[in-house]
Each structure stands twice: as C-alpha cells, then as structure tokens.
Amino acid sequence: MARKFKLEKGPLTLYTVFSDAKKCVVDLKARTCICNWFQTMELPCEHAIIAIVDVSLDPCGCCAEYYSKDIYIQRRLGTYRGKMRLGPRVAHQW
Ligand SMILES: [Zn+2]
C-alpha cells in the first residue's frame with residue numbers, strides 16, 4: 001500500500017511534510033530535513049522529494065555532485081579531483 005503524504009508550505013523555503021503519524025520539516029534552500037537524511041547523505045529524503053516536486057524542481061539537481069554520472073565515471077577512472085565528504089552514518093558503517 002502506498003504511503004500518503006500531506007504537504008504544508010511554510011515561510012520562505014520551509015515545508016512541513018506529514019506522513020503516517022510523523023511530520024518532518026524540510027528546508028529546500030539549506031537542503032536539510034529533520035530526519036537528517038538530506039543533510040547527511042546529500043540526497044533528498046522522501047520528505048524533501050515531496051517538497052521538491054511541489055516547487056517543480058528536479059530532485060536529481062538537489063543531490064551532491066559526487067552522485068552524478070560524470071563524477072561516478074571520473075571516480076572509477078581515478079581522475080576525480082573533488083572533495084568527498086562522508087556523512088557520519090556512512091563513516092560509521094566502515
Ligand atoms: Zn526527511
């Protein structure tokens with residue numbers, strides 16, 4: 001069964017996303033969500049995607065550059081020169 005979300009627009013770039021019994025506040029400009037996924041992984045969480053779609057942005061454009069196809073290819077070829085930042089959740093799993 002699909003999850004249902006309800007979205008409320010807040011001031012500036014803030015959105016409140018309600019799902020089941022939880023509510024999460026997303027700031028699209030700061031790229032944060034109170035679930036911490038967006039800022040930690042630098043990938044939009046399900047709450048951020050709801051807000052991003054509402055403002056007609058491309059969810060892929062809200063991902064960190066190192067998730068892009070070009071950076072992936074550069075990393076595989078060993079030619080990537082950018083900085084990689086790992087979130088605490090990823091670093092903890094190593
Ligand atoms: Zn979230």
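**Terms and model**

Helices (H or I, at least four residues) and strands (E, at least two) are taken here as DSSP runs, numbered from the N terminus. The model is a predicted one: local features need pLDDT of at least 70, side-chain atom pairs count only at pLDDT 80 or more, and totals for chains, interfaces and linings use all residues. Residue numbers start from 1 along each chain, as its sequence is written.

**Strand pairing and hairpins**

Two strands are said to pair if DSSP finds at least two bridges between them. Strand 1 (residues 5–9) pairs with strand 2 (residues 14–19) in the antiparallel sense, over five bridges. L7 has V17 of strand 2 as its bridge partner. These two strands make a hairpin with four residues between them, and L12 in the turn has a positive phi of about 50°.

Strand 2 also pairs with strand 3 (residues 22–27), again in the antiparallel sense, over six bridges. Within strand 3, K23 is the bridge partner of F18, and K22 stands opposite S19. Two residues separate strand 2 and strand 3 in their hairpin, where D20 in the turn has a positive phi of about 50°. Strand 3 in turn pairs in the antiparallel sense with strand 4 (residues 32–33) over two bridges, with C33 as the bridge partner of V26. Their hairpin has four residues between the strands, and R31 in the turn has a positive phi of about 55°.

**Nonpolar core**

A residue is buried if 20 or more other C-beta atoms lie within 10 Å of its own, exposed if 12 or fewer, and partly exposed in between, with C-beta atoms placed from the backbone. A nonpolar core is a set of buried Ala, Val, Leu, Ile, Met, Phe, Trp, Tyr and Cys residues joined through C-beta atoms within 7 Å. The largest such core has 10 residues: Y15, V17, C24, V26, L28, C33, F38, C45, A48 and A51. Strand 2, strand 3 and helix 2 are the elements that give two or more residues to this core.

Contact between two residues requires their C-beta atoms, placed from the backbone, to lie within 7 Å. Not counting residues up to four places away in sequence, A51 touches L7, Y15, V17, V26 and L28.

L57 lies in the loop between helix 2 (46–54) and helix 3 (69–77). L57 counts as partly exposed because it has 15 C-beta neighbours inside 10 Å. Neighbours within four places in sequence aside, L57 is in contact with I52 and C62.

Helix 3 is hardly covered, as the count of buried residues among its nine residues is zero. Just after helix 3, G78 takes a positive phi of about 75°.
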